[in-house]
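Hi there,

Here is the structure I promised to pass on to you. Have a look at it first, and then read my notes below.

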Amino acid sequence: MFDGDFDLIVIGGGIMGACVAREASARRMRVVLFEQDDLAGGTSSRTSKLVHGGLRYLEHGAFGLVAESARERATWLRVAPHLVRPLPFLFPIYRGARPAWMVRLGMTLYDALAWFRNVESHRMLSAEQTLALEPALRGDGLLGSARFYDAQMDDARLCLETALTARADGATLETRARIDGLVRQGDRIAGVRLGAREVRGRVVVNASGPWLDRVCDMADGPTRPIRKTRGSHLIVPGMLKGHALALSAHRDGRTFFALPWRGMTLIGTTDLDYQGDPAAVTCTAEERTYLLDETRRVFPAAGIGTGAVIAEFAGVRPLVYAEGVSASQVSRGDLIIESADGLISIAGGKFTTARAVAERVVNRVAERLTPAEFPSSRTARTPLVGGRPVSREEDAEWSMRAKGLGLDDAQTTALRETYGARFGALLNLAAERGPGGGLHAQLPWIGVQVDFAVEHELARTLEDVLRRRLPIALGPYRRDPALCDAVADRMARLLGWTPDDRREHVRRYLGA
């Protein structure tokens, strides 16, 4: 074994890499994380925004995955309560589809696999009760529904805050840092190469998600470790009163979701094999038609057409490689692969279980180093930096300070829910520089959040701020020129952009 600059080098700043960095730094390892773009810049900001047990995995007999997912859902609710919140679901039962007894049995099993740690156990509802809760649902043939709970998250910010928690524990985070090669010492990998720069590390973990195979090709690893599938989503006007819906597509029987999302409705997801560049993935016309057709069938009076689509996005899942099954049947489980020259790669997994996967990975890293040197895992019990409990007195003080800065109740609530225990740090910056005014009359976000994103959250492009630090790119004002100009102007001053730089950043964002 050789001595490196770091105990652990992590390649990839999605949720898996962020969780590995957090796990390792919490256990006192010297950690550096390299991300080629922005934290959560790939799949980890393009999910269904759910932390869930995986109800549909029961159909494939993945009971272990469901049990682990339910346990980890409870963990995320505990360590990041400002970013992960309970969400009630309805599973409608229609004549000619799954019989009620089968749904009831599945729900009972779902509760049992969670060891009854669900927010609430499921309840069976009549058709009348179901329509009273969500009147936009198609009533024709409706027999009733099952009501159960999962959780909803802000995926980009949850990934970001996981990485920031690692940084608070001593990890180094480097974004816009693309790995060009691996450094070897003898027959073992001893670090990474970024252009002419070499960084040494005792262990290297490849958590690069859809780019996993590119890094594996640099090592003596498997040539096809992952099967990439595309998942697309649409955001349409609000149709739901407060419940999410788990629905069966008429065309192929797949489960898809209609979810309340910031006053709108999020529809998704698709599941198709994908062979292109993960950075260039988009929702196709075929997927858009599929999702709109299924949505209109379930919400016949909503009038949802192509023109009603507010935003759309797609991501690439890096699933464990499998042949002979459809994309939707590929396991969502994880596989930890160790190459002959020592590279540890993480294939598969899902956002919900990323912390547990990271714990297993770092256990393996510790075994390679000096196990007695590093304590056992504590990430399941330790809040993220914004997730620590806030006292009533501290919360009251923040409300008074926010009011003194001219923020209204809606702004204060939105900022508290976004930053959690970090709200105080944002208020400190607002007191120093002024809140900066609202970015848009219909949105709660304020100018100083741009400064905070640049100076405290590693934002470097317009898209970093508008898509991943704030949810503006997924809403109706995503192309508002005054809003884009206001954010670009603040970023230009902070980052020293020239007028040409600023125009290019706006052009790239609007063209995305």
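**A hairpin and its strands**

Strands β17 and β18 form a hairpin with 5 residues between them, and in the turn G342 has a positive phi of about 100°. Before you go further, please keep in mind that this is a predicted model.

If you want a place to start looking, L335 has A347 of β18 as its bridge partner. How many residues of β18 are buried? In this strand (residues 344-348), 5 of the 5 residues are buried, so β18 is largely enclosed by the rest of the structure.

**Two pairs of helices**

Next, find helix α14 (residues 481-495) and helix α15 (residues 499-511). Their axes come within 10 Å and cross at roughly 135°. An angle over 145 degrees would count as roughly antiparallel, and α14 and α15 are therefore oblique to each other. The crossing in which α14 passes α15 is right-handed. On the α14 side, the contact is made by C484, D485, A488 and D489, and on the α15 side by R502, V506, Y509 and L510. Sorted by class, the residues of this contact are 5 nonpolar, no polar and 3 charged.

The other pair is helix α9 (residues 392-404) with helix α11 (residues 423-433). These pack at an angle of about 30°, and their axes are 11 Å apart. That angle makes α9 roughly parallel to α11, since angles under 35 degrees count that way. The crossing of α9 past α11 is left-handed. Here W398, R401 and A402 in α9 meet F423, G424, L427 and N428 in α11. This contact has 4 nonpolar, 2 polar and 1 charged residues.

Is R73 buried or exposed? With a relative accessible area of 5%, R73 is buried. You will find R73 in helix α2 (residues 63-79). Leaving aside neighbours within four places in sequence, R73 is in contact with a list of residues that includes Y110, N118, D150 and T352.

G305 sits in the loop between α7 (285-298) and β16 (311-320). With a relative accessible area of 23%, G305 is partly exposed. Beyond its neighbours within four places in sequence, G305 is in contact with L292 and R296. The C-alpha atoms of G305 and T295 are separated by 9.5 Å, with the two residues 10 apart along the chain.

**Some backbone details**

Which peptide bond is cis, with omega near 10°? That is the bond from G268 to T269. T269 has its place in the loop between β14 (264-268) and β15 (272-273).

There are also positive phi values in residues other than glycine. One belongs to R262, with phi near 50°. R262 lies in the loop between β13 (255-261) and β14, and is partly exposed at a relative accessible area of 44%. Another belongs to L458, with phi near 65°. L458 is in the loop between α12 (448-456) and α13 (462-469), and counts as buried at 14% relative accessibility.

Enjoy exploring, and write back with any questions!

Best wishes

Notes
Residues are numbered from 1 along each chain as its sequence is written. This is a predicted model: local features need pLDDT of at least 70, side-chain atom pairs count only at pLDDT 80 or more; totals for chains, interfaces and linings use all residues. Side-chain values use heavy atoms; hydrogens and water are left out. Axes are lines fitted to C-alpha atoms, for helices over the stretch in contact, and angles run from 0 to 180 degrees between N-to-C directions. Helices (H or I, at least four residues) and strands (E, at least two) are DSSP runs, numbered from the N terminus. Angles under 35 degrees count as roughly parallel, over 145 as roughly antiparallel, 65 to 115 as roughly perpendicular and the rest as oblique. A crossing is left-handed if the near helix is turned anticlockwise from the far one by less than a right angle, and right-handed if clockwise. Contact means heavy atoms within 4.5 Å. Ala, Val, Leu, Ile, Met, Phe, Trp, Tyr, Cys and Pro count as nonpolar, Asp, Glu, Lys and Arg as charged, and the others, Gly among them, as polar. Buried means under 20% relative accessible area, exposed over 50%, partly exposed in between (1.4 Å probe, protein chains only). Two strands pair if DSSP finds at least two bridges between them.
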